[in-house]
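Student: I am new to this structure. Please take one part of it and walk me through the surroundings.

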Amino acid sequence: MRYLALFIINIIVPITLIGQEVVVDPDDLANVLDGDWDTYSGDYSGQRYSNLDQVHKENVSDLTLAWTTELNFNIRRGNIDGTGIITKMGGEGRGDIDIRSGSIKGSILEVNGVLYVTAPDHVWAMDARDGSEIWHYHWETRGGTHIANRGVAIWNDSVIFETPDNYLVSLNAHTGEENWHSEIAPFELQYFSTMAPITIRDRVIVGTGNDLDQPGFLQAFDAETGTLVWRFYTVPMSEDDPGIETWPNLDAASHGGGNAWVPGVYDPETDLYIFGTGNPTPGYTGVARRGDNLFTCSLVAVNVTTGELEWYFQTSPHDTHDWDSAQTPILIDGVIDGKPRKLVSTAARNGFFFTVDRVTGEHILTKKYSRTANWESHVRETGEPEPNPDKEALIPGTLVSPVEGGVANWQPPAFNPEYGLFYTQENNGFNMLYLSDPDPRGSMGLGGKIRAEVGSIDSAFQAIDYRTGEAVWRHEWPGGGGVNAGVLTTSTGLVFTGDGRNNLVAFDGSDGNLLWHSRIGNISNAPQTYMVDGRQYLLVAVRERLFAYVMY
Amino acid sequence: MNIIVKVLQILLLSYGFPIAAQDTQPEIEIANPSAMFLQQQRALPPAEVIARGETLYQVNCRLCHGPDLRGGDQGGSNLLRSDVVLIDIAGESIGEVITEGRGSMPIFDNFSNEDIAAIAGYIHSIKFESEGQGSTPPVDYDLDILVGDAAAGERYFDRECATCHSVTGDLSGIATRIPNDYIMQNTWVAGGRRQAGRGGVQTTVIVTTQGGETVAGRLLRYDDFFVSLRTEDGTYQSFSRRGGSPQVDLDDPLYRHRELWSELRDSDIHDVTAYLETIK
């Protein structure tokens, strides 16, 4: 019962809105990233490599701030602020909870001059030319972990997003009116949902999070109706399921975590959705889940039509440090040993870089990209780093690198196919970890440990050769402190990211020379770019504020 | 697995999740709407009901599910992460398992509805105390982190630390000044009472301009484009940087600690902590 393939007969007649142009034809989502940014990574590849070329190495320093605007969280029930915006309301909550957690920590989609911006329980449509609000939607929540929202998906005329209390909501992209909402995970079991859905054909790929030892799963919903098509559990849910041999028993496996909370990538040629899974649970106490704990902390390829597992590669067997491997991987059409190969690479939270054959899952490369990661005893012949049990949380304390947030986290990396370079942050830091709950039954969730931050050293930004895992160039951040900032790269060889010292920066992607910076605060997402009215914009968020630069 | 069971499971799972079907779903009363999850939002029954439930639980359920509800020697499940408990409102789901059994759990037919509601209320009252990120309710162990060899720690200290530190100088009375063992260990490993690089110890800087002029002071802010400092007389100065110019030389007193983190063995840490604990 591992794979649930539900073929639900669609009896609802689609209603066509006459006179409204289709915002995004789902077939166009497979296109390369150019004028519009119409899915989480800009296109399905995860490369965040834009073909827009108005901004290049010679003129990047001429970028001008076109506009900046702060998100307006106010629930506007009448035209009191003079903008004409009345908040569209939805939700299953009682209206007595207002958890404002506003940072923009995901992708902003841009289509036909309209931006779709999210925070937990909120969606705004804005004019991409000047940041003016077009509509605002607010979801009245039942509660749940309001840590982030990673953005909307677009499908024809609808925008679709997840809520912290586990609903998938479809809105009319033109008006913000709700089309439908569907429950995607039980709030009662303390799931919470942040992922940006990914639309593929007529399906919406959906992921969820959980900290209470519940099983992780990926789901596909019908984009038109919101009905479930299939559900893929990332851990064994019956004695017959694959991977059960890597758990001591079914109770441990089916409480084993492995949540899918960051968007993956899609390969249309093989119809495979490839994503990273989260950490096993309980997170820090592995005593009652001895074994590799498949398919947690793995790269997993699932067939989008059937919802069945095609292949997996585990990037962190038996994790005991909360180091999810959920990072968005990147599809690379490359050359290995003189032969063209279809590849996928990921820079994992645990400090290791991996390249894998994306058709078969065959392991190609494992290379440590952190200078300080100290938790592994060796790398197995099959490519998985072997955890050193002496670096788990122990009663007298262990000095562990990286820190809980990892060498990288959800903030997406980028890849320039012309240079063959994979761009990622490298956060190097240490924690003292103590076991505070030595119970042989294991603790629960992320409990059972005491964690103390020690400090950071030699943190950097890297351009990694996907074939060797070696940094072709590496820029060490002044002072050595770490950075959490996503990455954008362009066909003109630029790389945009944050420096963790309140600057948005542009590198020459070939050699790591810094070309431009703007001190706007630490960026809370990845820079993005789009074209409107023949002009290229660079868009980035600093918590609740958007900054749009333009090349005039 | 036979196909009919499979189809049934698919149908059950296709609408919502494996939640027991109920004829009449009790209303849930919300007491703390701003709590994150339902288990902390919900109102609890009166204290006397919970106390009665506790007694019933500890007599009838404890052997299998444990005194702390986290599972016991007889193989009972951990109730604090159990679907049945998490979806239960007022004993309707928990009661179904009590009266009908489930898996290896036998049927209990000796409880009244009030008994079941009291047991459920007690279980919910424990779940209510759970901490964030899925943690258990607080557990209290008397754990001793002082496992190191103080003599070996002293040898390590003399070899690696004595260049900058002295147990009769800057570290005199350290164990008295920092009575908590954990904080003591974290503090010396990090290199100060406050975290390294966050103002606990001051980094000094020398900026050398292209003309060869040098300005020295306490480092304020430093990135690839800018450096600022305060000189000894309190003057604020800042410089734009481009391509590594002007030259910036930092003197970070904690740099040796930062390097040490990659070299320190955990046994060295425990030994040195044991030694420093003798410096009263």
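Student: Which residues does A:Ile450 touch, not counting residues up to four places away in sequence?

Tutor: A:Ile450 touches A:Tyr434, A:Ser436 and B:Tyr182. Bear in mind that this is a predicted model.

Start with the residue itself. A:Ile450 sits in strand E33 of chain A. A:Ile450 has 17 C-beta neighbours inside 10 Å, so it counts as partly exposed. The cut-off for buried is 20 or more. A:Tyr312 is 138 residues away from A:Ile450 along the chain, and their C-alpha atoms are 32 Å apart.

Now cross to chain B. B:Tyr182, one of the residues that A:Ile450 touches, takes us to helix H10 of chain B, which covers residues 181-190. Of the 10 residues in H10(B), 7 are buried, so the helix is largely enclosed by the rest of the structure. Those buried residues are B:Met184, B:Gln185, B:Asn186, B:Thr187, B:Trp188, B:Val189 and B:Ala190.

What do they pack against? In chain A, the buried residues of H10(B) meet strand E29 (398-400), strand E32 (429-435) and strand E33 (449-456). In chain B, they pack against helix H9 (174-177), H11 and H12. Just after H10(B) comes B:Gly191, with a positive phi of about 100°.

Look at one of those partners, H12(B). This helix spans residues 266-276. The axes of H10(B) and H12(B) come within 10 Å and cross at roughly 115°. The two helices are therefore roughly perpendicular to each other. Their crossing is right-handed. From H10(B), the contact uses B:Met184, B:Gln185, B:Trp188 and B:Val189. From H12(B), B:Ile269, B:Val272, B:Thr273 and B:Leu276 meet them. By class, this contact has 6 nonpolar, 2 polar and no charged residues.

Step back to the whole interface. Here 53 residues of chain B are in contact with 56 residues of chain A. Several elements give two or more residues to the chain B side: helix H1 (3-14), helix H2 (38-41), helix H5 (83-87), H10, strand E2 (214-223), helix H11 (255-263) and H12. The chain B side divides into 27 nonpolar, 17 polar and 9 charged residues.

Strand E2 of chain B also belongs to a sheet. This open sheet has 5 strands in the order E4-E3-E2-E1-E5, with antiparallel pairing. Its edge strands are E4 (236-240) and E5 (247-251) of chain B, and each pairs on one side only. Neighbouring strands are turned by 40° against each other on average, direction ignored. Strand E3 (residues 226-230) of chain B pairs with E4(B) in the antiparallel sense over 5 bridges. Within that pair, B:Ser228 stands opposite B:Ser238.

B:Leu69 is not a glycine, yet it has a positive phi of about 75°. It has 24 C-beta neighbours inside 10 Å, so B:Leu69 counts as buried.

Helix H3 (residues 47-60) and helix H7 (residues 113-128) of chain B pack at an angle of about 95°, with their axes 7 Å apart. That makes H3(B) roughly perpendicular to H7(B). The contact between H3(B) and H7(B) has 7 nonpolar, 3 polar and 3 charged residues.

Return to chain A and strand E29, one of the strands that H10(B) packs against. The loop between E29 and strand E30 (414-416) of chain A contains A:Pro402. The peptide bond from A:Ser401 to A:Pro402 is cis, with omega near 5°. Another cis peptide bond joins A:Thr281 and A:Pro282, where omega is about -5°. A:Pro282 lies in the loop between strand E20 (272-276) and strand E21 (298-303) of chain A.

That is the tour. It began at A:Ile450 in strand E33 of chain A and passed through H10(B), a helix largely enclosed by the rest of the structure.

Methods:
Residues are numbered from 1 along each chain as its sequence is written. Chains are lettered from A and ligands numbered from 1 in the order in which they are written. This is a predicted model: local features need pLDDT of at least 70, side-chain atom pairs count only at pLDDT 80 or more; totals for chains, interfaces and linings use all residues. Axes are lines fitted to C-alpha atoms, for helices over the stretch in contact, and angles run from 0 to 180 degrees between N-to-C directions. Helices (H or I, at least four residues) and strands (E, at least two) are DSSP runs, numbered from the N terminus. Angles under 35 degrees count as roughly parallel, over 145 as roughly antiparallel, 65 to 115 as roughly perpendicular and the rest as oblique. A crossing is left-handed if the near helix is turned anticlockwise from the far one by less than a right angle, and right-handed if clockwise. Two residues are in contact if their C-beta atoms, placed from the backbone, lie within 7 Å. Ala, Val, Leu, Ile, Met, Phe, Trp, Tyr, Cys and Pro count as nonpolar, Asp, Glu, Lys and Arg as charged, and the others, Gly among them, as polar. Two strands pair if DSSP finds at least two bridges between them. A residue is buried if 20 or more other C-beta atoms lie within 10 Å of its own, exposed if 12 or fewer, and partly exposed in between; C-beta atoms are placed from the backbone.
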